[in-house]
Amino acid sequence: MTTATPAWTEVMSTALVGTDRTGPPTWVPPTAPDPASGLLEVAALLAVSRRAGRTSEREIARPEPAADEARPTVGKAAGNRLTRLLDGNVFDADIRGELIREWLGLAAGRGLVAPPQSLPALLDAGRASRELRSLVAVVGGNRARWLAEQRPSWGYLLEEADDPDEVDLTEEFDYPYEETAAPPSAAAVAWDETRWQEGNAGTRAALLARARRGDPDAAREHLIAAWSKEPAANRERFIATLAVRLGPGDEEFLEKALDDRAKAVRQQAVRLLARLSGSAYQERMAQRARAAVRLDDSGGLIIEPPAEVDPAMVRDGLSADPGNGAGYGKRAWWLEALVAATPLSTWRDYAPDPATFLLSRPDADGWAENLMRGLARAAARERDVEWARQLLAAPSAKALLRPSYGVRPAEGLYELLPPAELSEHARNLLTDDNASQQVYQLLMMCPAPWPADLGTAVLDRVVVLITRQRQGYRADALCQLATRKLSPSAAAEVAARAAALRDDETQYTYERAIERLAEVLYFRQKMIEELA
């Protein structure tokens, strides 16, 4: 008689019919006093096995223990605060997500790892949010990686680099190719063939990016050698590293990548070629843009977008059917895309002051907005501050805030301005009731923490909106934004303003918004102190 482990359904069906009618099952343990007792014994064992989430086995190999941590664990208070955030017992989900990201960023920057008891919840948080994953890999340390090897749902972590020096590189290789910082020493970027052959995708991408800083040509050759064997997800990730010290030597490889079978890889190649000064890609786009935006015999401007796109244009990234995400018709979107990929120097032949000339044209045919949006995207790509200032000062600049495919051209322009200039723009708009959406977008782009004078101006505006009938919802939105942009040192000032509103005899619907802001700032203040 054998005692092979039966299926759960077989045990249940036998129990329902009864062992008296089916006869003694072959899987009843020989030590059982009778078939019915043996069936119950097997059922109990299988029930425990099912609850444990594993198939029952006679012997289960014990995995090797996790490697010792080389970095210290955060203190008890900081660990408890992370647990509170992960348990979901503080604030709402949006604020909590921002705080978790800030906590992880602070811990990673200080070379600390999370406490072991927080790791399951932390790995679950990373599974739910891609934005957290690289930080979870670093702050989770060796124990988190060990746990990820045991549970498939946490396996995402195995594709992330776990070196604190590499976490920022694996997120977005969006560096200007005209790097001004001196590259690190040769020793700091020495090629590690073992890590390249055996590392996960995140580690290998970070290795490529670091190697690019030292010897971009050699790093590219390593990528080319492995290119044909890499899956599409890796090709997309690896080609993005060419943004680090992008140069003429990369052009041939990127041109070939325009024919890659994976759409995401082709899109990365387009993005990089559009940034490569003097590339054949830029010249092709410039020729198309000149045909669409040209001078007439009297020196006036004629705008006539393409009526259709040919295969060569599609290869260069112009979608034959941009879909509804653009928010415009096809021809308008093609015009914007062409101008966006065209070097700004192209327009110098049109007028001594090309920005003024192009932006001052009457919109007789309805294309001026798309022309301006394309110019804005080109200025952001080339990081041209003067063009950015002229575009933002144009009478129709609000059109740059309109999203298409999730992109607001104004964001790329505002990012070029010095923080003080950006803050001044925001302060000037805070008192304009007709610019509430514009100022919110602008405040989002102002780097954190906001300067003290901007923070004060925002709080002044919040109080005004709370005390206005039917305006409090705007105050609530500003307070939500201020939870991550306002310096925690402003907590006492915010609390004082909340107290003044409470002392006012008038009942305000959105008074709670500023009280919550004070609570979040105090929370962040303590969090920073605990991780110092």
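Residues are numbered from 1 along each chain as its sequence is written, and side-chain values use heavy atoms, with hydrogens and water left out. In this predicted model, local features need pLDDT of at least 70 and side-chain atom pairs count only at pLDDT 80 or more, while totals for chains, interfaces and linings use all residues.

Five aromatic pairs are present in the structure. Rings of Phe, Tyr and Trp (its six-membered ring) are paired if their centres lie within 6.5 Å; planes under 30 degrees apart count as stacked, over 60 as edge-to-face and the rest as tilted. The ring centres of W227 and F253 are 5.0 Å apart and the ring planes stand at 85°, so this pair is edge-to-face. The pair links distant parts of the chain, 26 residues apart, with W227 in helix α11 (residues 216-227) and F253 in helix α13 (residues 251-257). Helices (H or I, at least four residues) are DSSP runs, numbered from the N terminus. Both W227 and F253 are buried; buried means under 20% relative accessible area, exposed over 50%, and partly exposed in between (1.4 Å probe, protein chains only). R235 lies over the face of W227, at 6.0 Å from the ring centre. Elsewhere, W191, W196 and F238 form one aromatic cluster. The charged end of R81 sits over the ring of F523, 4.5 Å from its centre. A charge is placed over a ring if NZ of Lys or CZ of Arg is within 6 Å of the ring centre and within 35 degrees of the ring normal.

Two packed helices are described by the angle between their axes and the distance between the axes. Axes are lines fitted to C-alpha atoms, for helices over the stretch in contact, and angles run from 0 to 180 degrees between N-to-C directions. Helix α22 (residues 419-430) packs with helix α24 (residues 452-467) at an angle of about 20°, and the axes are 10 Å apart. The two helices α22 and α24 are therefore roughly parallel; this holds for angles under 35 degrees, with over 145 counted as roughly antiparallel, 65 to 115 as roughly perpendicular and the rest as oblique. In this packing, S423, A426, R427 and L430 of α22 meet D453, L454, A457, V458 and R461 of α24, where contact means heavy atoms within 4.5 Å.

Helix α24 also packs with helix α25 (residues 472-485), the axes coming within 7 Å and crossing at roughly 150°. That makes α24 roughly antiparallel to α25. Here R461, V462, L465 and I466 of α24 meet G472, R474, A475, L478 and C479 of α25.

Single residues were also examined. R288 lies in helix α15 (residues 280-292) and counts as buried because its relative accessibility is 16%. Not counting residues up to four places away in sequence, R288 touches A312, M313, D316 and L338. A cis peptide bond joins A448 and P449, with omega about -5°. P449 is found in the loop between α23 (436-445) and α24. R245, in the loop between α12 (232-239) and α13, has a positive phi of about 55° although R245 is not a glycine. With 28% relative accessibility, R245 counts as partly exposed. R383, in the loop between α19 (368-382) and α20 (385-393), has a positive phi near 55° and is likewise a residue other than glycine. At 48% relative accessibility, R383 counts as partly exposed.
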